[in-house]
Amino acid sequence: YDGEYATIDLKIISKDGTPLWSDDLRELKGVMAYLLSFNENRHLHELNEKDQYEYIRAYWREKDPTLITKKNELLEEMNARVAHANTHYSVLGKGWRSDMGRIYIIYGIPETIDRRYNSDYGYSIEVWYYASGKQFVFSDRSSFGEFKLVNEIN
């Protein structure tokens with residue numbers, strides 16, 4: 001590894017030049033951990049830096065839903081989800097690291113959201129409902145706007 005490999009456009013993976021959501025390998029691996037199986041994630045972390053980039057690029061090339069187009073629509077959706085998470089769910093760190101950001105990245109936009117203040121306990125609760133029947137319950141017990149996942153209902 002010559003130190004210059006990171007300056008090559010390793011993040012570009014689709015025919016139209018769609019980049020991955022970040023230049024930061026730690027962030028790339030962090031988000032990929034939401035998508036990969038335990039064994040795939042372990043394998044990714046065992047690789048050297050150059051091969052980690054290539055593994056991630058190959059993953060997204062394989063996931064391209066329409067090979068006849070120049071775009072990788074699934075990667076574009078992932079980029080949009082990570083950007084949304086970083087914009088809307090950042091409190092103390094990057095939004096992709098938050099519970100809400102993780103759920104948003106994995107499942108996308110909820111069909112409906114119910115936010116209410118629990119006066120019995122003194123904190124806000126937000127419930128995300130998905131068409132699949134999944135529900136995620138978050139609470140802001142610290143009252144700082146950092147909602148933590150407290151329940152997942154299938």
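Reply: One term before we start: contact means heavy atoms within 4.5 Å. Helices (H or I, at least four residues) and strands (E, at least two) are DSSP runs, numbered from the N terminus. This is a predicted model, with local features needing pLDDT of at least 70, side-chain atom pairs counting only at pLDDT 80 or more, and totals for chains, interfaces and linings using all residues. Residues are numbered from 1 along each chain as its sequence is written, and side-chain values use heavy atoms, without hydrogens and water.

Me: What do the buried residues of α5 pack against?
Reply: They pack against α1, α4, β2 (123-129), β3 (135-140) and β4 (148-153).

Me: And which residues of α5 are buried?
Reply: In α5 (residues 99-107), they are Met100, Gly101, Ile103, Tyr104 and Ile105. Buried means under 20% relative accessible area, with a 1.4 Å probe and protein chains only.

Me: What follows α5?
Reply: Gly108, with a positive phi near 85°.

Me: Switching to α3. Which of its residues are buried?
Reply: Gln52, Tyr53, Ile56, Arg57, Tyr59 and Trp60. Seen down the axis of α3, they fall within an arc of 155°, so they line one face of the helix. The arc is that of the directions from the helix axis to the C-beta atoms.

Me: What does that set pack against?
Reply: The buried residues of α3 pack against α1, α2 (38-46) and α4.

Me: At what angle do α1 and α4 pack?
Reply: About 110°, with axes 13 Å apart. The axes are lines fitted to C-alpha atoms over the stretch in contact, and angles run from 0 to 180 degrees between N-to-C directions. That makes α1 roughly perpendicular to α4 (65 to 115 degrees).

Me: Which residues make the contact?
Reply: Glu27, Val31 and Leu35 of α1, with Met78, Val82 and Asn86 of α4.

Definitions and conventions
Parallel < 35°, antiparallel > 145°, perpendicular 65-115°, else oblique. Buried < 20%, exposed > 50% of the residue type's maximum accessible area, 1.4 Å probe, protein only.
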